[in-house]
Amino acid sequence: DWNLIFVEKHGHNEKYPKTFRNPEHYIHVIQRFLEIDNKEVNQGDHQIVDFELYQDRGCVTHQIVSPQAYSLTIRKHSEDHITLDQLLEWGCMNEEIAEFLGMVIDGEGNLIQAGITGSGKTTTLRALLDYFVTRNKKRMLVCEDTQELFPKNEHTLQLVTTTKEKLSDLIVTSLRLKPKYIVVGEVRGPKTKNTI
């Protein structure tokens, strides 16, 4: 709602002390955010709208879907990539698991990563790619609906879906571009999640 804002910091939700001026101001801000991505929310075919705002992901729901009010959610990722060393230091994985995943990546094997929202899929995948693929100095293609991975490997081509080009189209295209690795970002559908 326009007068209820929550911010998640370090895994904890906190009520934000400020609000929008009124419901009209709130809806105007939502419309401006969507216009940046050439999208709109309405009562017809666009009752739930995913959008990208300066490389961060967002989602808006119309009052038809969320009867209390329009909802606006923005997921902002840290600009500094968490590294594999940090994941090891924090106990997110041990050295044996990191070494095993590294062998799969070094051997150009298939890897599927899945988990619930906010479980660290993108963070972990990014750390693995930044370490092992960059070390291997091999060409990588990244196919995503919304750019999230931003890998540090220099020999990387990032492809993003459009209104005409679907994720499956990008994957077919990537096969023609001589990659050693094809990374498919989050799949928003009845398929798997993050894939190397």
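**Close-up views of a predicted model**

**View 1. Surroundings of Ile36.** Apart from neighbours within four places in sequence, Ile36 contacts Leu53 and Tyr54 in this predicted model. Ile36 belongs to helix 1, which spans residues 23-36. With a relative accessible area of 42%, the Ile36 residue is partly exposed. Its C-alpha atom lies 8.8 Å from that of Phe51, a residue 15 positions away along the chain.

**View 2. The largest pocket.** The volume of the largest pocket is about 1,700 Å³. Its lining comprises 45 residues, of which Glu8, Thr73, Ile74, Arg75 and Lys76 are closest to the centre. Elements contributing two or more residues to this lining are strand 1 (6-9), helix 1, strand 3 (48-53), strand 4 (56-61), strand 5 (71-75) and helix 4 (121-136). Strand 5 supplies the largest share, 5 residues. Classified by residue type, the lining has 15 nonpolar, 17 polar and 13 charged residues.

**View 3. Aromatic pair Phe20 and Tyr26.** The model contains 2 aromatic pairs. In the pair formed by Phe20 and Tyr26, the ring centres are 5.0 Å apart and the planes meet at 50°, so the arrangement is tilted. Phe20 is buried at 16% relative accessibility, and Tyr26 is likewise buried, with a relative accessible area of 6%.

**View 4. Aromatic pair Tyr131 and Phe132.** The ring centres of Tyr131 and Phe132 are separated by 4.8 Å, and their planes stand at 85°, so this pair is edge-to-face. Tyr131 is partly exposed, its relative accessible area being 38%, whereas Phe132 is buried, with a value of 5%.

Methods: Residues are numbered from 1 along each chain as its sequence is written. This is a predicted model: local features need pLDDT of at least 70, side-chain atom pairs count only at pLDDT 80 or more; totals for chains, interfaces and linings use all residues. Side-chain values use heavy atoms; hydrogens and water are left out. Helices (H or I, at least four residues) and strands (E, at least two) are DSSP runs, numbered from the N terminus. Buried means under 20% relative accessible area, exposed over 50%, partly exposed in between (1.4 Å probe, protein chains only). Contact means heavy atoms within 4.5 Å. On a 1 Å grid over the protein atoms alone, a cavity is a set of points where a 1.4 Å probe fits but cannot get out, and a pocket is an open set with protein on both sides within 12 Å along at least five of seven lines; lining residues have an atom within 4 Å of a point. Grid points are joined across faces, edges and corners, and a volume is the space filled by probe spheres set on the points. Ala, Val, Leu, Ile, Met, Phe, Trp, Tyr, Cys and Pro count as nonpolar, Asp, Glu, Lys and Arg as charged, and the others, Gly among them, as polar. Rings of Phe, Tyr and Trp (its six-membered ring) pair if their centres lie within 6.5 Å; planes under 30 degrees apart count as stacked, over 60 as edge-to-face and the rest as tilted.
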